[in-house]
Amino acid sequence: MATVNRYGPYLVSLGFGDIFQPGQVRGYTFGPWPPFGESAVTVSVHPTRDEFREKSISLESVVSRKRPNGEHFIDCTYKNTSSEGMKFWSLYLCVVSP
């Protein structure tokens with residue numbers, strides 16, 4: 001029977017005063033982390049709640065990569081698809097292990 005683990009939310013920002021602008025693409029790397037080895041991994045990204053405007057963000061790519069020493073990473077890129085900038089967003093990672 002498989003084991004499912006959810007990690008997150010990982011709250012992300014660009015830093016004090018910086019805004020994730022509409023149309024801008026950013027990236028995030030998880031790892032190195034041994035549980036990625038023989039597991040199925042999913043990534044999701046979500047805007048944080050805003051009382052005044054609707055926000056949207058899309059996951060553009062998810063890449064699994066392994067170094068020669070066996071270290072395993074998950075790289076993802078995402079895009080601000082809103083008409084306004086955002087200060088914060090969240091990433092989640094689910095790992096399904098055999």
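Reader: What share of the contacts in the chain with a separation of 6 or more comes from residues 24 or more positions apart?

Author: Start with what such a share tells you: how far along the sequence the partners in a contact lie. Here, residues 24 or more positions apart account for 73% of those contacts. Keep in mind that this model is predicted.

Reader: How many helices and strands does the chain have?

Author: Count each kind, then read their order. This chain has six strands and zero helices. Along the sequence the pattern is β-β-β-β-β-β.

Reader: Now one residue. In which strand does S58 lie?

Author: Find the strand whose residue range includes it. S58 belongs to strand β4, which covers residues 57–66.

Reader: What is S58 in contact with, leaving aside neighbours within four places in sequence?

Author: Look for partners from elsewhere in the chain. For S58 they are V45, T77, Y78, K79 and T81. Take T77: it is 19 residues from S58 along the chain, and their C-alpha atoms are separated by 8.8 Å.

Reader: Which side chain does the side chain of S58 join in a polar contact?

Author: Check the side-chain atoms. The partner is E60, and the polar contact is 2.6 Å.

Conventions: Residues are numbered from 1 along each chain as its sequence is written. This is a predicted model: local features need pLDDT of at least 70, side-chain atom pairs count only at pLDDT 80 or more; totals for chains, interfaces and linings use all residues. Side-chain values use heavy atoms; hydrogens and water are left out. Helices (H or I, at least four residues) and strands (E, at least two) are DSSP runs, numbered from the N terminus. Contact means heavy atoms within 4.5 Å. A polar contact is a pair of N or O atoms within 3.5 Å; within protein, one must be able to donate a hydrogen and the other to accept it, and residues adjacent in sequence count only if both atoms are side-chain atoms.
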